[in-house]
Amino acid sequence: MSNKFIHLFQNCIPVKGHKRSVIYDLQKLEYHLIPNALFEIIIESKNKPILQLKERYGPEHELIINEYIDFLLSNQLAILLDKEQLDKFPPVSLDWFYPGAISNAVLDLGDWCNSDLTKVISELHQIGCLNVQIRSFGNLSGDMILSIFQLFENTRITSIEAIIKYNASVDELTWQQKASQYTRIRNIQIHSCPPGHLIKSSPISNIFFYPYSLTSESDCGTICPQYFNVNFELFTEALNFNTCLNKKIAIDRNGLIKNCPSMSSSFGNVRDNSLLDVLKVENFKYLWSLKKDDILICKDCEFRYMCTDCRAYLSEPENINSKPLKCGYDPYHAEWTDWKKQNFALKASETYHFKE
């Protein structure tokens, strides 16, 4: 084995954090936490046989190097190769590209929908948007939801995620029927379910019932492991662009056109402006390229390429490059805490007028 080369598979990419590192397995959609020492060995071992690697670190580290190699092989993260085989495994391209002007949109339902929703959906179709999230903070009837879903028929929009407030008059069977009727619906999330309601999901229709309440756009921006997502598209986008705002357009409940409904700045109103005109405004795309490697603290985090971002609520509201307010992870100690208990939380929460 000493004359062999340890070679990570092309879709297994090591990422260094301050306290520890991670190997992203972009093919299996999973990740493996590793010590920074193993990260350094992986980098050091490129184009070097294992024998030379062991000589580099000395006999006192041979046992741990063998353990690291066994870890990589047993988890199918790497393979042993002869020197002449290395060229047969070229690195994958980590570029990110989307051909449309907009890839995703968030629509917060409000009075503007009565007159302008059809126009907005048509414009999203024109600018190449494929993914739409619909959010409702108030009660909607089953017929109203049905009429909204129908507007997306015969458009290029392929994925719809609906986040809707619980309505006792619409039973679970009705939601399942609606979800199965429209193939574009990726999932329907029912929030504000009352105590005692059966909280479950249907693997067939992708209906999810949750007890949490979504009362306004400020109930957004939370960073936690449950939202981590390991895949090639997100990884490459995170390397090059902002994982939340890149190629996104949003309309808040008042019809204001924004980068995100939670943000204070807007670029017009759907009643007076078209989405196509907003895309021509230079400042609209300003935050698209603010990637995790540009954000304080986040740039030292091992999870930065599987994590979402939030520029609406910042730990330092006056600093656009500060970490998301609602993230309780400390990459310098590899610890999770409640973000509300961190030193900056109270002052920042007052700036954003959060209610307890």
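A residue is counted as buried when its relative accessible area is under 20%. In the predicted model examined here, Tyr24 and Tyr305 are both buried. Their rings form a tilted aromatic pair, with 6.3 Å from centre to centre and 50° between the planes. Tyr24 belongs to strand β3 (residues 21-25), whereas Tyr305 lies in the loop between α8 (275-278) and β14 (329-330), so the pair ties together parts that are 281 residues apart in sequence.

The structure contains 15 aromatic pairs. In another of these, the ring centres of Tyr329 and Trp336 are 4.9 Å apart and the planes stand at 40°, so this pair is tilted. Tyr329 is buried, at a relative accessible area of 4%, while Trp336, at 35%, is partly exposed. Both residues belong to a cluster linked by ring pairs, which also includes Tyr31, Phe228 and Phe303.

The largest nonpolar core comprises 60 residues. Helix α4 (residues 113-126) supplies the largest share of this core, five residues. Among the residues with the most contacts inside the core are Leu107, Val132, Phe152 and Trp175. With neighbours within four places in sequence left aside, Phe152 is in contact with Leu107, Ile121, Val132, Ile134, Ile157, Ile160 and Arg184.

Helix packing was examined for α1 (residues 36-44) and α3 (residues 62-74), whose axes come within 11 Å and cross at roughly 80°. An angle of 65 to 115 degrees counts as roughly perpendicular, and α1 and α3 are therefore roughly perpendicular to each other. Ala37, Leu38, Ile41 and Ile42 of α1 meet Ile65, Tyr68, Phe71 and Leu72 of α3. This contact has eight nonpolar residues, with no polar and no charged ones.

Conventions. Residues are numbered from 1 along each chain as its sequence is written. This is a predicted model: local features need pLDDT of at least 70, side-chain atom pairs count only at pLDDT 80 or more; totals for chains, interfaces and linings use all residues. Side-chain values use heavy atoms; hydrogens and water are left out. Axes are lines fitted to C-alpha atoms, for helices over the stretch in contact, and angles run from 0 to 180 degrees between N-to-C directions. Helices (H or I, at least four residues) and strands (E, at least two) are DSSP runs, numbered from the N terminus. Angles under 35 degrees count as roughly parallel, over 145 as roughly antiparallel, 65 to 115 as roughly perpendicular and the rest as oblique. Contact means heavy atoms within 4.5 Å. Ala, Val, Leu, Ile, Met, Phe, Trp, Tyr, Cys and Pro count as nonpolar, Asp, Glu, Lys and Arg as charged, and the others, Gly among them, as polar. A nonpolar core is a set of buried Ala, Val, Leu, Ile, Met, Phe, Trp, Tyr and Cys residues joined through side-chain atoms within 4.5 Å. Buried means under 20% relative accessible area, exposed over 50%, partly exposed in between (1.4 Å probe, protein chains only). Rings of Phe, Tyr and Trp (its six-membered ring) pair if their centres lie within 6.5 Å; planes under 30 degrees apart count as stacked, over 60 as edge-to-face and the rest as tilted.
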